[in-house]
Amino acid sequence: MAERRRDERGGQGERGGRGDRGERGGLEGVESVEAVGEPWRRRVRPEEASAWDELVVTARRTVTDGLVVGTSGNVSARVGDIVLVTPSGVPYDRLTSDDTVGVDLDGRQVLGTLLPTSELPMHLAVYRDTDARAVVHTHAVHATAVSTLVPELPSIHYMSGALGGPVRVAAYATYGTEELAENMLRALTDRSACLLQNHGTIAYGTSLDQAYDRTAQLEWMCRLWLTASSVPGLSPTLLSGEQVAEAGKRLRGYGQRG
């Protein structure tokens with residue numbers, strides 16, 4: 001089963017979920033990072049617990065907003081040198097605080113018993129290569145459709161500038177492979193999102209909210225281009241590279257200050 005736990009693969013021991021936090025042996029102020037059972041698993045720190053809660057909310061939002069069907073996407077967040085990531089094959093509405101899954105930047109699992117997402121190579125590649133603090137991967141229908149039609153999303157809207165410029169399509173490779181991760185990184189050069197050919201989307205940001213917003217904007221632009229392109233006898237007006245770049249500069253100062 002995709003969701004089998006690590007302790008079924010040979011290790012037994014108490015789970016390192018949020019219920020394990022607190023005092024040990026009656027000593028106050030002890031950092032809850034000591035090993036629990038297997039040497040690869042430890043207790044969840046408070047900041048990781050908080051980030052996990054946000055991660056689960058974001059993962060559930062991808063389903064609610066129609067960006068993911070079932071367990072077809074995945075979400076991660078970086079806390080220090082630990083990457084929290086959704087587990088493989090587990091519906092998001094079943095995830096609880098006791099299901100925290102975390103790996104180090106080399107992919108070694110240090111938190112939880114559920115297996116990490118099969119797309120872990122992509123997530124880790126983003127964290128190693130960028131300043132990302134969160135990553136969202138989806139199989140959004142309009143974005144996936146566009147990934148099968150063109151090598152780059154045409155600049156149908158100035159919000160392309162918010163993603164660094166025209167959104168590229170990463171060449172196809174089997175899911176969960178290092179090859180896919182490498183193709184993705186090439187497409188992400190100077191960008192914060194890209195399409196994955198015949199697969200879906202990936203976007204990153206300095207927070208889960210930003211990564212999610214970029215994902216949603218990308219899906220919306222793909223839907224916009226498909227809609228405009230479907231009108232018989234007409235072709236949508238596209239923006240120039242200069243226009244997209246100028247919009248990107250303005251968008252960097254968008255929103256409230258302070």
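I began with helix 1 and listed its buried residues, which are E48, A49, A51, W52, L55, V56, T58, A59 and T62. The model I am reading is a predicted one.

I then checked the geometry of helix 1. This helix covers residues 46-64, 19 residues in total, and reaches 27 Å from its first C-alpha to its last, close to the 27 Å expected at 1.5 Å a residue.

Next I looked up the overall composition. The protein holds six helices and 10 strands. Of its 258 residues, 48% count as buried. I recorded an accessible surface of about 12600 Å², with 49% of it belonging to carbon and sulfur atoms. Among contacts with a separation of 6 or more, 66% are accounted for by residues 24 or more positions apart.

I followed L84 in more detail. Leaving aside residues up to four places away in sequence, L84 touches E48, A51, W52 and L55, as well as others including V75, V79, V101 and L111. I noted that E48, A51, W52 and L55 are also among the buried residues of helix 1.

Helix 5 was my next entry. I listed the buried residues of helix 5 as L208, A211, Y212, R214, T215, L218, E219, M221, C222 and W225. What do these buried residues pack against? I found helix 1, helix 3 (141-147), strand 3 (74-79), strand 7 (134-138), strand 9 (193-196) and strand 10 (200-205) as their partners.

Last, I examined the largest pocket. About 420 Å³ of space lies in it. I counted 17 lining residues, of which A162, Q210, R214, L251 and R252 lie nearest the centre of the pocket. Which helices each supply at least two residues of the lining? They are helix 5 (208-229) and helix 6 (241-251). The largest share of the lining, four residues, comes from helix 5. I marked R214 in particular, as it is one of the buried residues of helix 5 and is among the residues nearest the centre of the largest pocket.

Note on methods:
Residues numbered from 1 in each chain as written. Predicted model: local features only at pLDDT ≥ 70, side-chain atom pairs only at ≥ 80, totals over all residues. Heavy atoms only, no water. Contact = heavy atoms within 4.5 Å. Buried < 20%, exposed > 50% of the residue type's maximum accessible area, 1.4 Å probe, protein only. Areas by Shrake-Rupley, 256 points an atom, 1.4 Å probe, with all protein chains shown as cover. Expected span 1.5 Å × (residues − 1). 1 Å grid on protein atoms, 1.4 Å probe; cavity = no way out; pocket = protein on both sides within 12 Å on 5 of 7 lines; lining within 4 Å. Points joined across faces, edges and corners; volume = space filled by probe spheres on them.
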